[in-house]
Amino acid sequence: METSYPVFAGGQTLRADDLNRLGSYHRGRERLLGLLAGFGINTGLTGAVEGSAALVQPGLCVDQAGEAHLVDAVTPVPLPPTAGPETFPFVDPAQGGFSVVLEGTDEPGQDTDCDDPDCAGHAVPHTRSAKLRIVAGRVTGPRFDFGQEPLLAANPLTRDATPTGYATLRDAIADRLTNSPGDALISPAAITALRATSLESGDLPGVKAYKAGFLDHVLFAALDLLRISRLLAAPTERTGVTRSGVVLGWLHLVGTQWVWDCEFRHAWEPPTGLVRSLLGGGCGDPARRYRDAIEALIATYAPPNPPPSTGGGGGTGPIVVVPDDFDFYPDGKGTIYVPPKVFPDVWPPEILIRPIDPLWDPPDYPERFEEIVKKVYRQETFTFFGTGVIDQTAALGRPAETVRPILAERLTELSGSANVVTVTQSEAEDLAGFEPAGNLNVADTAVLVTNSQGTVVATGRIPAAHSAREIGTRLPEATAKAEQAIALTTGHQQSIGELMATVTEFSGQIEDFTAFTVTATEKFATLTDGLAHLGEAQEQITPLVDTLHSRLGEVEGLTKNLQGAVTTLTSVAGRAGGAAAGGRLGAEGGRSLVGFAGLVTEGLKQLVTPDNEQTLGRYVASATKAAAALDVVTATGGEAEIGTAAVALLGTMRSAIKAAGIAPEQARAIDAQFQVVKGLLL
């Protein structure tokens, strides 16, 4: 680049070299400004196949030399393309297809006639423009070649990993981090620690799952570190290029159709200084946070330590655990996801580098890994509800009946309620929404997986997000059923209203309790007759009416005293409910209640504000968890368990509704109704 320029003064002899050197100096300065701005396609220059041509749209770009090029009109490229004689060092013919490259040109014009006396000729005009070149091959470079990264050929571990598979992947990662171009990508101490890890054939399934998950975490973190290293190496392709040009896209055949692929183009890249400032600034290593992430991951390797074999595990951990042994992570960081049973045959774009991605948007860890969990593992992330994550692996190797209440106590301490279920290994595979996991969100349902001796050999969860979606999918069905029920009972509102008025009147006006029971019996008989045509609804309501009727008959002989009539009625209703125990709510009823709860909680969520988030918000979350628990029990439990879970759900809904700010008399009525229902179900 020309660094000197002439300075003119009066009386000097002006030479052609002086003027040309001045022009060269200014062109060099303009190129420097172009390099400061960036490299690649700045705007426009997109392409699309239309009929027998690929149309390139107007746009602006800057090449490796800093020259800015403007295309101000749509330019067609005939199909099939015909490659010209031009070659560029950044286009590899072995990749097939054709690259469309925009190259700057400098073309001299025609001399003009010189008619002046003593004229030796005029300056030759030059025109700078840009032309499209059709070049055989596809663009190459650090950003585009990541698909050939050797570590991408390694197979990640599934949850059923073997010791041999673990050792193979571990060594592949360690070798790649050690033998990458240049110095080792992470500290030698971290590589040594990684090589020291192992998976043993005698490990419990839950321990194997943790180790497989750990090594997959290391694999994906290593790929991200290699990827950011490639991205940071990309600016070097701007210097030392023997022929400058900007690749606009790649034309290739898919079947019999020509396709314009914009992923293989020179996307806009800001200058190195701006990249470093966006990645943290300073003169340090922009990839340091990725090195720190993988080194921290290796340093925190801590597989579960079950008790000795006498406790069912084979490790060295304590026989007895306490609630604090279930570690809590408020931000959800430092947790390990158990890998799936199978991985996709082809890596999704979230793992491979996408050439269209800008240089200043590298992946971030661990937020990056959560995307991998959702799109590759196809699991819910632990931080879905943002309520913190608990490590439940302390249960491994211990009797489920012993650790279940301790885990429930810890979850209750952290979230106000707990859902913990115990299933066998075969039952776990059929449990809706079940995911093997050593960790879980405190809003999830914890699952302890046992062997035939009742020892916990693995852990898992049913994500609260899954339960919430399940409830959401049932809302339309529940709404329809509710509307049907309302339509069926509309014709009986008057009779029910009369009955309620009679009961209210009894509290202050009846003179003899025997007369009250007779009148109530008549009203219940009337209601039973009125409900006779309700079909399936009658089968559930009539037994309740019969039960109340018989209990009112018992009360008739207990007292003739008018005082305390309402209190006595409440007591009798409570005893009547107790006598009605025995699993009146089956699986279908439980599922309907789950749907009804979804309607209520969805409405209450709209009332949550920052002022009542700690009260109403917490109660709504508890109701959601209780609904999820009932949903699980309806699939695996008997009528007694369903009744218990239903009462728990109704109790949380009662608290949530009262926290929403209803009137005191309504709150009292809800309390009374809940007590009656509780007596009927328990």
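In the predicted model, Leu177 is in contact with Ala184, Leu185, Ile186, Ile191, Ala222, Leu225 and Ile294, with residues up to four places away in sequence left out of the count. Leu177 is also, together with Ile173, Phe214, Leu225 and Ile294, one of the residues that touch the most other members of the largest nonpolar core, a set of 46 residues. Two or more residues of this core are supplied by each of helix H2 (163–179), helix H3 (188–195), helix H4 (205–233), helix H6 (288–299) and helix H7 (367–377), and the largest share, 14 residues, is that of H4.

Helix H6 consists of twelve residues, and the distance from its first C-alpha to its last is 16 Å, close to the 16 Å expected at 1.5 Å a residue. The buried residues of this helix are Tyr290, Arg291, Ala293, Ile294, Glu295, Leu297 and Ile298, and of these Ile294 is the residue already described as a contact of Leu177.

Elsewhere in the chain, Ala54 lies in strand S3, which spans residues 53–56. Because its relative accessible area is 0%, and buried denotes a value under 20%, Ala54 is classed as buried. When residues up to four places away in sequence are not counted, Ala54 touches Ala48, Val49, Thr75, Pro76, Val77, Leu79, Leu251 and Trp260. The C-alpha atom of Ala54 is separated by 8.7 Å from that of Trp258, although the two residues are 204 residues apart along the chain.

Notes: Residues numbered from 1 in each chain as written. Predicted model: local features only at pLDDT ≥ 70, side-chain atom pairs only at ≥ 80, totals over all residues. Heavy atoms only, no water. Helix = DSSP H or I, 4+ residues; strand = E, 2+ residues; numbered from the N terminus. Buried < 20%, exposed > 50% of the residue type's maximum accessible area, 1.4 Å probe, protein only. Contact = heavy atoms within 4.5 Å. Core = buried A, V, L, I, M, F, W, Y, C linked by side-chain atoms within 4.5 Å. Expected span 1.5 Å × (residues − 1).
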